[in-house]
Amino acid sequence: VKSGVADIGLIIREDAEPLESAGGFGAAPLLVVVDPSRGVAEPMLTGQIRRAYFSALPDVAMGNVVAELENQFLTLDDTQREEVDAGLIEMREDAAAGREVGWSFEDLLARESVIGGESVNLVAYSAGAVAFMFLLFASVHGAVSLLEEEETGILDRVLAGPGGIGVLVNGKFLYVVGQGLVQVSVIFTVAWLVYGVDLPGHLGPWLVISLASAIACAGLAMLLATACATRRQAQTVATTVILVLSALGGSMVPRFLMPDVLIDLGWLTPNTWALEAYSGVFWRGENLLAVAVPVALLTAAGLAGWLIARVLANRKAYGG
């Protein structure tokens, strides 16, 4: 069955009989494996399975039911068997014509999450989404202090020293990275202690992802601060940019609830990279190598923002 959705799978159990499931005798023959973060994917796949099954083989499905009933509970005479055969033919014709066949197979499907409980997974998603969005806001707040120092004349004193503007930009960048890492740590610690998110079990990958996220936010914040002329301008532009990135990247609305167009656009935002990395570790139990791409993108974006910020700050300070 072609589901058209990601992070969901269908397993056909060869050792299970459909009628055993329907009658309560054994395991369901079809197992749907889903990622709880993709809440819409399961009913989509289930509906497609149902449509494909009954549009192709409704008479076979019902025929198996009749055969199992006869094997377990009753014996049909010739007249009854003829009536059953005629009914199955009519069911097949109805299905071929697109009419309702009037039978359900809900008991033939079992459901299994890829990892953890749904509530814990949703908390992990929310922790990552909220952490990154507020990390952007906090980083901008720390970076625009560079403009405050320029307005108050502190920057002129720094330029008179041996370090120059580069040292100031580097110091701001490292400060914002450290501040962001502490902020993310607090949010995920609360998610662990209060809601049961397995932070100790994923401490190493989480630390790498969080550091990459802090670097990305710090670099983007420094870029915005040095590209703007005044503190007010920087805050206005930053607020707009952060809200747009958070909306498209899944920090405000879960990505699996978005239309395909917005999901694709989300890959242009650092929010999506961070959320995909966190989800890979906490929901799907992946190792750090499996989330290397989003981690690399976050780190590269942050370092690029920092380097460009150095160039812009140097031009503003020395008029070059």
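Which residue forms a salt bridge with glutamate 148, and how far apart are the closest N and O atoms? Arginine 231 is the partner, and the closest N and O atoms are 2.3 Å apart.

This is a predicted model, in which local features need pLDDT of at least 70, side-chain atom pairs count only at pLDDT 80 or more, and totals for chains, interfaces and linings use all residues. Residues are numbered from 1 along each chain as its sequence is written, and side-chain values use heavy atoms, with hydrogens and water left out.

## Overall layout

The protein has 13 helices and 3 strands. Both are DSSP runs numbered from the N terminus: helices are H or I with at least four residues, strands are E with at least two. Of the 320 residues, 41% are buried. Buried means under 20% relative accessible area, exposed means over 50%, and partly exposed lies in between (1.4 Å probe, protein chains only). The accessible surface comes to about 16200 Å². Carbon and sulfur atoms account for 62% of that surface. Areas come from the Shrake-Rupley method with a 1.4 Å probe; for residues, only the protein chains shown count as cover. Contact means heavy atoms within 4.5 Å. Among contacts between residues at least 6 apart in sequence, 75% join residues at least 24 apart.

## Salt bridges

A search of the whole structure finds 2 salt bridges. The term covers a side-chain nitrogen of Lys or Arg within 4 Å of a carboxyl oxygen of Asp or Glu.

| Salt bridge | Closest N and O atoms |
|---|---|
| Arginine 231 and glutamate 148 | 2.3 Å |
| Glutamate 276 and arginine 255 | 3.6 Å |

Arginine 231 lies in helix H10 (residues 231–249) and glutamate 148 in helix H6 (residues 145–152), so this pair ties together parts that are 83 residues apart in sequence. Arginine 231 is partly exposed, at 27% relative accessibility. Glutamate 148 is also partly exposed, at 29%.

The bridge between glutamate 276 and arginine 255 links distant parts of the chain, 21 residues apart. Glutamate 276 is in helix H12, while arginine 255 is in the loop between H10 and helix H11 (260–266). Glutamate 276 counts as buried at 13% relative accessibility. Arginine 255 is buried too, at 8%.

## Aromatic cluster

Rings of Phe, Tyr and Trp (its six-membered ring) pair if their centres lie within 6.5 Å; planes under 30 degrees apart count as stacked, over 60 as edge-to-face and the rest as tilted. By this rule the count comes to 5 aromatic pairs. Phenylalanine 188 and phenylalanine 282 form a stacked pair, 5.6 Å centre to centre with 20 degrees between the planes. Phenylalanine 188 lies in helix H8 and phenylalanine 282 in helix H12 (residues 270–282), so the pair ties together parts that are 94 residues apart in sequence. Both phenylalanines are buried. Phenylalanine 282 has a relative accessible area of 7%.

Tyrosine 278 and phenylalanine 282 form a tilted pair: 6.5 Å centre to centre, 35 degrees between the planes. The two residues are 4 apart in helix H12, so about one helical turn separates them. Tyrosine 278 is buried, at 4% relative accessibility. Ring pairs link Phe188, Trp206, Tyr278 and Phe282 into a cluster.

Histidine 202 touches Phe282 as well as Val281, not counting residues up to four places away in sequence. This histidine sits in the loop between H8 and helix H9 (203–227). Histidine 202 is buried, at 14% relative accessibility.

## Nonpolar surface patch

Which residues form a nonpolar patch on the surface? They are Val182, Val186, Val190, Trp192, Leu193, Val194 and Tyr195, with about 710 Å² of accessible area together. Patches are made of residues with over 30% relative accessible area and no salt bridge; like charges are joined within 9 Å, nonpolar side chains (Val, Leu, Ile, Met, Phe, Trp, Tyr) within 5 Å.

Leucine 193 is found in helix H8 (residues 164–195). Leucine 193 is exposed, with a relative accessible area of 60%. Tryptophan 192 also lies in helix H8, but is partly exposed at 36%. Leaving aside neighbours within four places in sequence, tryptophan 192 is in contact with Val197, Leu199 and Pro200. The C-alpha atoms of tryptophan 192 and valine 123 are separated by 9.4 Å, although the residues are 69 apart along the chain.
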